[in-house]
Amino acid sequence: MVMVFYGSNSKSNPVSMENKVEHQTENQITYDIHLPSDLGTLYKVRLGLQSLEINISQLSLHHFKIQNTSTLDTFSLTINKTLPLSPNGDIWVEFPIQWPLKEALSVVTYHLTVFSRNILNERNLVRMTACIYGTHGDTGDRSLLQSLQNVQQGEKNESFPVMVDAVDLGELEKILLSISSKTDCKLDIKKMHVQEAAKEHPIYVFEVNEEFSVNANKPKIQREIPRSFVIRGEKQKNDIDNNLNKEGSKVKHLREYTIKVYTGDKRGAGTDANVHIILFGNEDKSEVFQLSQSLEHQNPFERGKVDTFKIKTKNLGSLRSIEIGHDGKGFASGWFLEKVEITDAARNSVHCFNCNRSVDQSIIPLYMLFSF
């Protein structure tokens, strides 16, 4: 069993209850734990199982009591829940801490709906979790593929809702999506919607629009997905639906580009920083693409290596320039970029430019602009 404590200033790391037993009777276990002093005033606790890969089938929780041994401030709550929760198989339960003269937050059931193309075919081989962040904290990693119900599947599209019970998160801000797999596969995720189960609005929309290449030999993929927009009423929803219908023909005509990135063959040429690129055409420019899923290498942008990436974006017209750079994260993030080649499959053309210099925040700006 694991607990995470949330305070007005920060939250604790997961606290394992193993080897922390102070006193035990038949129906009660008392733990002695030490929390960081900088958490501030505690306002919620997340309690759950480390994983489902354990040698017990269920954990029944009846009552929770916490006491500050210095001040003797005490909070107690009747829970009466069994983990994993049925029917959604969640292994976490959250509850607010209510101190005297302070109003506690409420527990909310959120519906997180995933819109994708092919996840359901791979659900038995893939592990996917989402951590929802709001102004009042986060949910921790919650499984998206456990005990799926109410699945809607069309010819090319599918969607499925996941129930997440959490202490009120406030205004939702982002989702941290984590994906791992036991075999090679590609998962095409379009977007995610989050809303309170008891309310039709607001609906928080998180656009993904990415195909993830995962396999057992690669580390877990993580993506931080910021909130795209919020639908706060039925009129706004209808306006968005109408706009999507108007743009439907454009979505069907996405262009695919193959990007080959050549890292120089000299000492310190590689980088572990996050590299991203923007394509500019004579009609439009692309969104920002993070170049993370190399078709050749698990760790892209190593010394003397060539990494290939495939992206899909709207029709840009004839390519004119690109903007490429990195976020400077990681040890020795400086990167010696030799050249970039971009193939426009629709026009059967290849655009190439030479760089032959270091992309380093301490030397040149974060982004570089190249014209073909």
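When I say helix or strand today, I mean DSSP runs numbered from the N terminus: H or I over at least four residues for helices, E over at least two for strands. Hi everyone, and thanks for coming.

A word on provenance. This is a predicted model, where local features need pLDDT of at least 70 and side-chain atom pairs count only at pLDDT 80 or more, while totals for chains, interfaces and linings use all residues. Residues are numbered from 1 along each chain as its sequence is written, and side-chain values use heavy atoms, with hydrogens and water left out.

Most residues other than glycine have a negative phi, and most peptide bonds are trans. Now look at Leu72, in the loop between strand 6 (59-67) and strand 7. Its phi is positive, near 65°, and Leu72 is not a glycine. Is Leu72 buried or exposed? Leu72 is exposed, at a relative accessible area of 55%; the cut-offs are under 20% for buried, over 50% for exposed, and partly exposed in between, with a 1.4 Å probe and protein chains only.

Asn356 also has a positive phi, about 55°, but Asn356 sits in strand 26, residues 349-359. With 47% relative accessibility, Asn356 is partly exposed.

Next, the cis peptide bonds. One runs from Leu83 to Pro84, with omega near -5°, and Pro84 is in the loop between strand 7 (74-83) and strand 8 (92-96). Another joins His201 and Pro202, with omega about 0°; Pro202 lies in the loop between strand 16 (185-196) and strand 17 (203-214).

On to the sheets. Two strands pair if DSSP finds at least two bridges between them. Strand 25 (residues 335-344) and strand 26 share nine bridges, antiparallel, and Trp335 stands opposite Val359.

Finally, strand 21, residues 275-281. Six of its seven residues are buried, so strand 21 is largely enclosed by the rest of the structure. Strand 21 pairs antiparallel with strand 24 (residues 319-326) over seven bridges, with Leu279 opposite Ile322. Strand 21 also pairs antiparallel with strand 22 (residues 289-290), over two bridges; there, His276 has Gln290 as its bridge partner.
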